[in-house]
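Q: Could you walk me through this model, starting with what the terms mean?

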Amino acid sequence: MWSQFLFEIAHFATCLFTALVLFATFWLYQDAWKVRKTMRGFLRTCGFLFLSISYVVSSAILEATVLKVSLFSASNMVGLQLFFRNLGYLLIFLELASEKIESRPKTQLSYVALPAMAVSLVAFQVFSPVLALLAAIFYSIKAVIGLEAHVKPAAAAFFLFTVSELLSLLSLFRQTTNVTLFHLLAPFGIIWIAQHVVLLLATLVLGRWVFGYLLKQFEPQLFMMFSALTLAIFLITTTVFTGLLLKSVQDESLNQLESDAKVLQYALDSKRTEGVADVIAIAQNPELEKGVADKTKEQLGMLAEQFLLSKKYSTLLILDDHGQVIARGEDKDNIGSFLNDDSLVKRAKAGEAAGGFITTDGVLAPVITLRAVAPVKTGDQIIGTVVIGTIIDNAFVDGIKKATGLQASLYGNNTLSATTLLAADNTTRLTGITENNQDIIQRVFIAGQNFKGGVTIGNTLYFAADLPLLDTDNTPIGMIFVGREQQEVLQAAGHSVELTFIATAVMLVLSIIPSFFISRHITQQIR
Amino acid sequence: MTKPLIRTLFLLILILIAGVVLPTSIQASVQSCGMNVSPTTTTRDTSTTFSFSGFASYSGSGVMWVRFTRPSANFTITSGLSTGAWTASTNGTQLTFTAPSQTDLPGNFTIYATSGGSDASSADWTVEMSDSGDGSAAAGCDGTLGVSISGSNSVTPTPTPTFTPTPDTTAPTISNVVVSGVSDSSVTITWNTNESANANINYGTTTSYGSSGSDTTRSTTHSLTLNNLSSNTTYHGQIQSTDAAGNTASSNDFTFATSQNTTTVTVTTTVTTIVTPTPTPTPVPDRTPPKVTLTTELNRVFLTAPVIEGTATDNKAIAKVEYSIDDGQNWTDADHIDTLGEKKTGFSFTPLTRGDGIYSIKVRAIDTNDNETETETQTIIIDRLPPAIGGAIFSIGPQILQPSPNGSIVTLAGLMPKLTFAAVGGPTSIKLMVNDQSVPMTQNIQTRLWSGSLVGAESVTYKLETESIDDAQNRTAKSLSPVIVLPDGTVSDVLGAVNGAEVRVYYFDSQAQDFRLWGAEQYGQENPQFTDAQGRYKLLLPAGTYYLQINASRTRPLRTNIFTLTTSTPIAQDFTVIKKKSFHFGLLNIPFPDFGQNDVMINLPEKSINEADTNFLVGESFPSFNLDGVQDDALLGKPTVVTVLTTWLPQSSGQMSILEELSHDQSVHTLVIMSQESTASVNVFAKRGGYSLPVVADSDGVLVTPLRVTTLPTHYFLDRKGEITKVVSGVLSKEQLEQYVQENL
């Protein structure tokens, strides 16, 4: 998670640095244009300004892994960036292509024909490297064939921009099934890093060239120093702020998860209390009391089914004073067994109403059941017992997810029994997989304490809070899990990071204005 | 002069090389080991926590691999735990603990295992240890490893034992201290403890005591007689009881006096004051037991529980008549007693039975003086339905193997699935024949489901035949879905199988858009895993996107393409790795630097499977039925999807949700038949799930045979006339259901 964040910060810093250098180039050309106002000079000046703007926009575009849904829609941001980028390259290329090259002796090259660009929307995305390449070629022609050798660094920078643009295009091939290619093209993969390194190189080459001119005059020098300083301050502030923000979101998430796990524990406890209240009410039903006293099994069977359906329990048993099942709501023919060894039934036979969680074997995983018992009395005499049971299944944890938006699970022993977690097919629940993390086993299952931290379930990384699920004797029989995908936490923080990046970019642009006036004012004062 | 020098140098180089190379081929090993298991007995159908502790003697720095094999097929290993870095994986038969590096044995290994439904004499666990992560050159362990099964567990669902025994640090509680049998030289002191503990009394004429009496036998009731006491003397006493864990409870000081038949005991706080009254002489009691006879002829087969009648007589008066259906373990009152309190009475009762089965009936009469008489055990057999099994599901660990659309199951030789199904008609045993080899099936007393693990190592198609037998010796045969066992995937090079090649599986995390090592441990598998001497590996991957990488010594790494699985799928591809080029110098083989790798396309097995044909019902009318008021004529007029399902199937709620969505389409009938389940439990299931589509219970499983249900769920697609046009097995998505409906309009 943190590596992705650092890569994103690197992307932000590189783009803003590039934007600054391109802005410096714009400043250099506009300085020249002010002296000699030609259309070509205007085109070139605007071209560098647009390129600078495009990299400012680019700095605020986060990878999809960090930001699932962008504030301004990812496609809008990319579209805006491409628009300014292509427009910038195009204007620079037009200016270069329409300029007469001062030929060297014996060189027969005059105007270079302006190629008619067949603009195709489909090819819109590949325009950037093509236009950057054309600009690089024309700078090279001017430097190598023409007399303007001093623009060689600009040509080199544009060649590097071309490479960077080409590398960024490769992300279109991320759907490959070739592992090597996938690793090369993955977000924050080798190609991604290479693209940013090349971009940084291009920026350094162009920066060295442009600052060589700008630093010869006092006012632009001062202005650029102010701008660079402002950029540095903004970058440091943004990095520290977003880093602290992410750490805070992570800590907050873990604390919130622990609270939510306790809410789930409370919900289970409430369900137990509700179960006990229900079973007491059922046991006090006069019709049921009479049925147990008279042992009218047929009537009790119907009553048990009726209670079962109305209360939506999984099982409802009525026992006589010998502990024999004389009615079973869910299967009225399946009676006659004895439950005298059941610890809860023993408590009911002692006159106590009680409830608790038990685990029983299931097909793939243990089944967690809430059971509650109450004695059936005639006066003070205990004549039978009512037992209700409800399976704590996926529907229960689904309800928790609906209320909190978090993933919730219940483990029977260390095996996932009921869960909202889905396998990769988005249909199958991850029921049956085991928790083998030794920290969790020691803390939750053995020591009966809470656990808070990162876990891996079904190959996905989660921030999780785990609480022991206790039986009536306070012995851990399983675990309550509430978790949130780690990537989701990063993406939640991603919104704030995106907003911070955009605000920083806007403020950086705005800070240019006071920088300009301050530098001009100081210059005038010195003069 | 120079030649000897060169020779010496060459010799030195050889020695140096040998010094570097040879030690790598010498393996440290486990020389001996010993293990003891606790407990050594368990009851039927019980989930038991077995604790293993012992030692190992090794020449290396520890042990990396410990394997426990169950004592017999009567046990199924469910999971295991240990402290430290040890991780457990099990296939139900064996459980393997592995550590990332050689390490000392932990204090104990804990294994959870479920015992079967029948008694079994003591059989030994097999414990092996190795200092190698792949278990090579494992040593077998000695020790007390026998475990037997005897006695029944309660039929009630009981809480599963906790994962690791919590150390007992609680002292017993002493209560009900009674002094009796007082004479001029002795007294008897009795007391109870709330847990099993030994008995000890310190006594004397002062609170310093000085004398003691003890009984080392652990019990919850204690009695110690103190002799050689002085007459007419007051003594001070203090009771101590120590439990098995060494926790000792002591009572406060109390006093007692000799030469009196009645004595007063004063015990503060935890000790109760008890006065033992002098027995009052009573008249000679009535010791004549009543007589009880049954007039109903039993020991035969009934369709339903019969009314059982009889008479009870006594010389005084009959106080109670009770019966038992479990050979005297539990008793309940007879339904009707003619003249209670008289010397002779008639009685009758209809035993409460749990459907088809064999019941051991006993009747007892008790007179007013608590004398009682029991009848001999009489057996009744209730046989309403022939034994019949329903559709089955196949699972490996937490993964359910989806049948292919034609109903066959595909797996690997080393990953044989567990088979689970329900049965009606009270079968007492079910034989599963796997290509003429018998596999024991056991019934889980809690879920009442039958299950067993298939065995077999050959890569053939296994035909599964079952025979259910009930108490009336009715036998029902049924064929289940065939299981196609693919040969394990292998890694080889030009010379043949590669031993010890590392097979790694990488899983695609769609959120992070990155691959990471697949967490096989949670699925009871290993990743990475190392090939055996035959170059074999075993993988059953759940749904997801993956790629595999194979690394073998001195070969170029091999990588598959990225592939996506929509359901659990065995991987059985044979990979051929290419040796890196090397330079041979005598015995030395020096590889050239080679950082390249080979790519290979994955070949998933499902594409080449074409076995059983389940569409034999196509063209036939759907069988007539009347279940919970729904009849077969309700299926006419529109295309219909009938799904046979059960509530215990783990995917049932998911499949129900999809069918519920389909049911909103007015142009299609949908019907769900819950096979071999009671109407009430199906109603609860439907109500809890909030399903509005018709769901009916086929409690007797009458449609299982005519519909030839072998796996669950099974979907039947019907045209407007009620004719079956297609039969498909497995969980289907809404799109698949709609597609099949459209195809069969």
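A: Helices (H or I, at least four residues) and strands (E, at least two) are DSSP runs, numbered from the N terminus. This is a predicted model, in which local features need pLDDT of at least 70, side-chain atom pairs count only at pLDDT 80 or more, and totals for chains, interfaces and linings use all residues. Residues are numbered from 1 along each chain as its sequence is written, while chains are lettered from A and ligands numbered from 1 in the order in which they are written.

Q: OK, how many helices and strands does chain B have?
A: Chain B has 4 helices and 62 strands.

Q: And how much of chain B is buried?
A: Of the 745 residues in chain B, 39% are buried, where buried means that 20 or more other C-beta atoms, placed from the backbone, lie within 10 Å of the residue's own.

Q: How many residues does each chain bring to the contact?
A: Chain B brings 68 residues and chain A brings 69 residues, with two residues in contact if their C-beta atoms, placed from the backbone, lie within 7 Å.

Q: Which element of chain B gives the most there?
A: That is α3(B), which gives 6 residues to the side of chain B that touches chain A.

Q: What classes of residue are on that side of chain B?
A: There are 24 nonpolar, 35 polar and 9 charged residues on the side of chain B that touches chain A; Ala, Val, Leu, Ile, Met, Phe, Trp, Tyr, Cys and Pro count as nonpolar, Asp, Glu, Lys and Arg as charged, and the others, Gly among them, as polar.

Q: Switching to chain A, in what order do the strands of the open sheet come?
A: The order of its 5 strands is β2-β1-β5-β4-β3 (chain A), with antiparallel pairing, and two strands pair if DSSP finds at least two bridges between them.

Q: Which are the edge strands?
A: They are β2 (325-328) and β3 (354-360) of chain A, each of which pairs on one side only.

Q: What about β1 and β5 of chain A, how many bridges join them?
A: Strand β1 (residues 315-320) of chain A is joined to strand β5 (residues 381-391) of chain A by 6 bridges, and Ile318(A) stands opposite Val386(A) in β5(A).

Key
A residue is buried if 20 or more other C-beta atoms lie within 10 Å of its own, exposed if 12 or fewer, and partly exposed in between; C-beta atoms are placed from the backbone.
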